Amino acid sequence: MKVSNFGRTASVLTVSAAAALGLAACGTDSAAPAGAPASTESSVTGTLSGAGASSQDAAMQAWIAGFGSANPQASIQYSPDGSGAGREALLAGGVQFAGSDAYLDEEETAGAAEVCGPDGAIHVPVYISPIAVAFNLPGITELNLDAETIAGIFRGEITAWNDQAIAAQNEAAKLPDTPITAVHRGDESGTTKNFTEYLAEAAPDKWTDPAAGEWPAGLPNGESASGTGGVISTVSSTEGGITYADASAAGSLGKVSVKVGDAYVPFSADAAALAVESSTPAAGEGRPEADMAMDLDRDTAESGAYPVVLVSYHVFCTSYEDQQTVDLVRAFGNYVVSDEGQSAASDAAGSAPLSDALRGKAETALETIKVRS
């Protein structure tokens, strides 16, 4: 799948699963054709409820505002509880869509068929973002690190900032002997899944645990915090701290440039998009034909690519119980992937817009969502 520039998203309106169930069927019988820009679909009404990835926070807020302005009788509610929580809520029937930084695994895919109808759920990529490896060392704003060194830090094997493994890659830096405090997500997280996937593929001799949304148990020299805001807050208040988080949240913390081939690549939206160009459709049974879940080449040697990247999805059912809900799901989905929606996300979160090719595939995928028979 060839893609060039991609978009990112975020959101923040909290809603309980009980409220989501109560609001689920609100809508109207009339809506513009699927695939039309949301700005022409002002007749849709009701509330669409979602939950999931906290990485989508800033972009979702922009989408909620933009969609609400174009569709004043409709609203979007989203609870940024983490990717795992979002997928669980969708599979429990508590929300109508999930935001997730990882696609459904085989067990979840089978579960989706029970909740969403025989064709299960469909992934639409809406937010492609670099994951920053961010640290707190006063006076140092940038460091170069390869995958093996990053893995050694997060495994607790490299415990001081002036360790030779770090110093050898940063000869000009005046590294202190400050202890390293590696901070990881304590909740199940798509960001953790993508980060550990990078470590497992790019440094397999050092990172021997499988990629997973939950941090491996038993690793020393670490602290945990909940959500993107939690790990950033912990590192910001901890001299010597280091973590991984969506780049839009890294703020004034120091940033790591990751070794790719013979060069060190700083994160950027364009560098993350370049890494995604070599992605392939996700394998596995039970995925609808139009599904857009993808696997990334974490061990790429592509010049200028930044492989510590997440692809965040909106996961929708392929069918809903009534046309009103289908109309609202399509309207919101098409707004998010539209030029207008991607521009709003770019302004809010610093993302690159979806390419025309990816947008077209997303619109086609959204058109397949139908009323359950």
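Let's start with one bond. The torsion about the S-S bond of cysteine 116 and cysteine 317 is about -50°, so this disulfide is left-handed. A disulfide here is a pair of cysteine sulfur atoms within 2.5 Å. In this pair the sulfur atoms are 2.0 Å apart. Cysteine 116 lies in helix H4 and cysteine 317 in strand E13, so the bond ties together parts that are 201 residues apart in sequence. By the same rule the count comes to one disulfide.

A word on what you are looking at. This is a predicted model, in which local features need pLDDT of at least 70 and side-chain atom pairs count only at pLDDT 80 or more, while totals for chains, interfaces and linings use all residues. Residues are numbered from 1 along each chain as its sequence is written, and side-chain values use heavy atoms, with hydrogens and water left out.

Some terms, quickly. Helices (H or I, at least four residues) and strands (E, at least two) are DSSP runs, numbered from the N terminus. Buried means under 20% relative accessible area, exposed means over 50%, and partly exposed is in between, with a 1.4 Å probe and protein chains only.

Back to the cysteines. Are they buried or exposed? Cysteine 116 counts as buried, at 0% relative accessibility. Cysteine 317 is also buried, at 5%.

Now the whole chain. It has 12 helices and 15 strands. Of its 373 residues, 57% count as buried. A contact means heavy atoms within 4.5 Å. Take contacts between residues at least 6 apart in sequence: 77% of them join residues at least 24 apart. The accessible surface comes to about 13,900 Å², and 47% of that belongs to carbon and sulfur atoms. Those areas come from the Shrake-Rupley method with a 1.4 Å probe; for residues, only the protein chains shown count as cover.

Next, strand E1. It covers residues 46-52, and seven of the seven are buried, so E1 is largely enclosed by the rest of the structure. In a regular strand the side chains alternate between the two faces of the sheet. In E1, Gly46, Leu48, Gly50 and Gly52 point one way. Thr47, Ser49 and Ala51 point the other way.

Which strands pair with E1? Two strands pair if DSSP finds at least two bridges between them. E1 pairs with strand E2 (residues 74-79) in the parallel sense, over six bridges. There, leucine 48 stands opposite isoleucine 76. E1 also pairs with strand E3 (residues 97-100), again parallel, over three bridges. Here glycine 50 has phenylalanine 97 as its bridge partner.

Look at the path from E1 to E2. E1, helix H2 (residues 57-70) and E2 make a right-handed β-α-β unit. Right-handed means this: with the strands pointing away from the viewer, the path from the first strand over the helix to the second runs clockwise.

On to helix H3. Its buried residues are Ser83, Gly84, Gly86, Arg87, Ala89 and Leu90. What covers them includes E1, E3, H4, H7 and strand E13. After H3 comes glycine 93, with a positive phi near 80°.

Last topic: salt bridges. A salt bridge is a side-chain nitrogen of Lys or Arg within 4 Å of a carboxyl oxygen of Asp or Glu. How many are there? The count comes to nine.

Take arginine 87 and glutamate 108. Their closest N and O atoms are 3.0 Å apart. This pair links distant parts of the chain, with arginine 87 in H3 and glutamate 108 in H4, 21 residues apart. Both residues are buried.

Aspartate 209 sits in the loop between H7 and strand E7, and arginine 155 in the loop between H5 and H6, so the pair ties together parts 54 residues apart in sequence. Aspartate 209 is partly exposed, at 22% relative accessible area. Arginine 155 is buried, at 14%.

Aspartate 356 is exposed, at 66%. Arginine 359 is buried, at 8%.

One more point. Salt bridges that share partners join Arg155, Glu157, Lys206 and Asp209 into one network.
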